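Biologist: Before I use any of these labels, I want to see how each one was reached. Please go through them one at a time.

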Amino acid sequence: MNGPTILAYAGAVAAALLALIVAFGERRLAARWFFAGAMATVAIENIFVGLSANAFQPGEIAHWQFFRLLALSVSPCLWFLFSLSYARGNQREFLSRWKILSIGVAIVPVGAAVCIGHFHNAALIAREEHIDQWNLRFGAAGVALYVAVLVATLLSLVHLERTFRDSVGTMRWRIKYMVLGAGLFLAARAYTASQALLFRSIDAPMEELNSVALLLGCLLMARGIMRAGHFEPNVYPTQNVLQNSLIVLVAGAYLLIVGVLAKLVTYFHSGAAGFTEKAFAVLVSLVVVTVLATSERFRLSARRFLSSHFQRSLYDYRKVWKTFTDATASRVEQRALSSAVAKMLSELFQALSVTVWTVDEANQTITLAASTSLSQQRSEMIQPTRE
């Protein structure tokens, strides 16, 4: 077997293992089933990628690629549903609001893949000289398929970003690696889908990039699965998920970097292998930078280093008071005020767990008002205790 075949099969095994582990988890949550289904389809897709990478005849490549596209057509809806429900306490609201679009990203890709299968004998497969790389071209049905894949993938990234940004403290610590792993794979898929739309073709280097991103993503998601409670509904994001999103900025930077690399590879005639290695280096660099940027300990250490060596104060009391005022001015209910204070303190001190208790002097009891480490349901289950 060649290198692309090994990468594809390794990605299939990793995705299948994650699907099985999550599917047979302790709690039967909707997000678990959506994730297990998405990873299972990705595993099946990579099996066909490996079979096509190991094929030599144009007709055989077209045959396996058709089955790959069938598996690909199922996964966008599952990833989208997973992003709507993962770690969210108000997942039913999001699933209901995005119901029509969910149906669309379920029907359109499958229908387009079936059309490609009906006309796949007319697809053009070419082999580049001296490189032995195949290229599969498609028509209107393929465009419809990859448009649906790109739209669903970008929306999935936006929803995962919103869940991560609205989490705080221990909740963010629990879901960080799952969001990063899924986000890495979806970002690579968005890029390869955009390239397929741009050139109206599928080629081997793009499949290799997907396989590499899948392996790296599986490593991160496996790390996240080891953290207990990350599937539990803890986060309650607002419905305005498309406002102030960083996905556009990150996706633009990624497309720019890899696009420049592709141009350099073409200019210096270093071949597809060189492109794959450079794209892999970019992926690893982005993962390392993102993990460090989302680490509370690293951010706090960086602030302490700046404060110690550049004579800068660790906290600016003006900004702290302004943040406190903005966060609490509109909170009139006790639970809302307590939640805002807990979240602000967690972000200010990079503390994973912040809990606010209220004292009832008349009954001499202490009641849990808000916490960044407990879900809303678990907080309500804790009964008042006497001092």
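**Labels and their cut-offs**

Modeller: Helix α13, residues 334-349, has 16 residues and reaches 23 Å from its first C-alpha to its last, close to the 22 Å expected at 1.5 Å a residue. The expected span of a helix is 1.5 Å times one less than its number of residues. Helices are DSSP runs of H or I with at least four residues, numbered from the N terminus. This is a predicted model, in which local features need pLDDT of at least 70 and side-chain atom pairs count only at pLDDT 80 or more, while totals for chains, interfaces and linings use all residues. Residues are numbered from 1 along each chain as its sequence is written, and side-chain values use heavy atoms, with hydrogens and water left out.

Biologist: Which residues of α13 are buried?

Modeller: They are Ser338, Ala340, Val341, Ala342, Met344, Ser346 and Leu348. Buried means under 20% relative accessible area, exposed over 50%, and partly exposed in between, with a 1.4 Å probe and protein chains only.

Biologist: How do you know that the span of α2 agrees with its number of residues?

Modeller: The 24 residues of α2 should span 34 Å at 1.5 Å a residue, and the end C-alpha atoms are 35 Å apart, which agrees.

Biologist: Why is α2 called largely enclosed?

Modeller: Because 17 of its 24 residues are buried, α2 is largely enclosed by the rest of the structure. Ala43 is in helix α2, and its relative accessible area of 6% is why it counts as buried. Contact means heavy atoms within 4.5 Å. Ala43 touches Ala12, Ala15 and Ala16, not counting residues up to four places away in sequence. Ala43 and Ala12 are 31 residues apart in sequence, yet their C-alpha atoms are 4.0 Å apart in space.

Biologist: What makes Glu45 and Arg68 a salt bridge?

Modeller: A salt bridge is a side-chain nitrogen of Lys or Arg within 4 Å of a carboxyl oxygen of Asp or Glu. For Glu45 and Arg68 the N to O distance is 3.2 Å, so the pair meets the definition. Glu45 is in helix α2 and Arg68 in helix α3, 23 residues apart, so the pair links distant parts of the chain. Side chains of opposite charge can pair when their charged atoms come close.

Biologist: How many salt bridges does the structure hold?

Modeller: There are four. Among them, Glu45 meets Arg189 at 2.7 Å, N to O. Glu45 lies in helix α2 and Arg189 in helix α7, so this pair ties together parts that are 144 residues apart in sequence. Arg68 also meets Glu207, at 3.5 Å, N to O. With Arg68 in helix α3 and Glu207 in helix α8, that pair ties together parts 139 residues apart in sequence.

Biologist: What makes a set of residues a nonpolar core?

Modeller: A nonpolar core is a set of buried Ala, Val, Leu, Ile, Met, Phe, Trp, Tyr and Cys residues joined through side-chain atoms within 4.5 Å. The largest one here has 39 residues, of which Phe35, Met39, Trp79, Phe82, Tyr86, Met221 and Phe231 touch the most other members. The elements that give it two or more residues are α1, α2, α3, α6, α7 and α8. Apart from this core lies another, of 15 residues, among them Leu145, Tyr146, Val149 and Leu150.

Biologist: Which residues does Trp79 touch?

Modeller: Leaving out residues up to four places away in sequence, Trp79 touches Phe35, Ala38, Met39, Val42, Ser156, Ala182, Phe185 and Leu186.

Biologist: Why is Thr163 called buried?

Modeller: Its relative accessibility is 0%, so Thr163 counts as buried. Thr163 is in helix α6. Beyond four places in sequence, Thr163 touches Ser83, Tyr86, Ala87, Arg88, Ile175 and Val235.

Biologist: And Ser102, buried or exposed?

Modeller: Ser102 is buried, because its relative accessible area is 7%. Ser102 lies in helix α5, residues 99-118, and, leaving aside its neighbours within four places in sequence, is in contact with Cys77, Phe80, Leu81 and Leu84.
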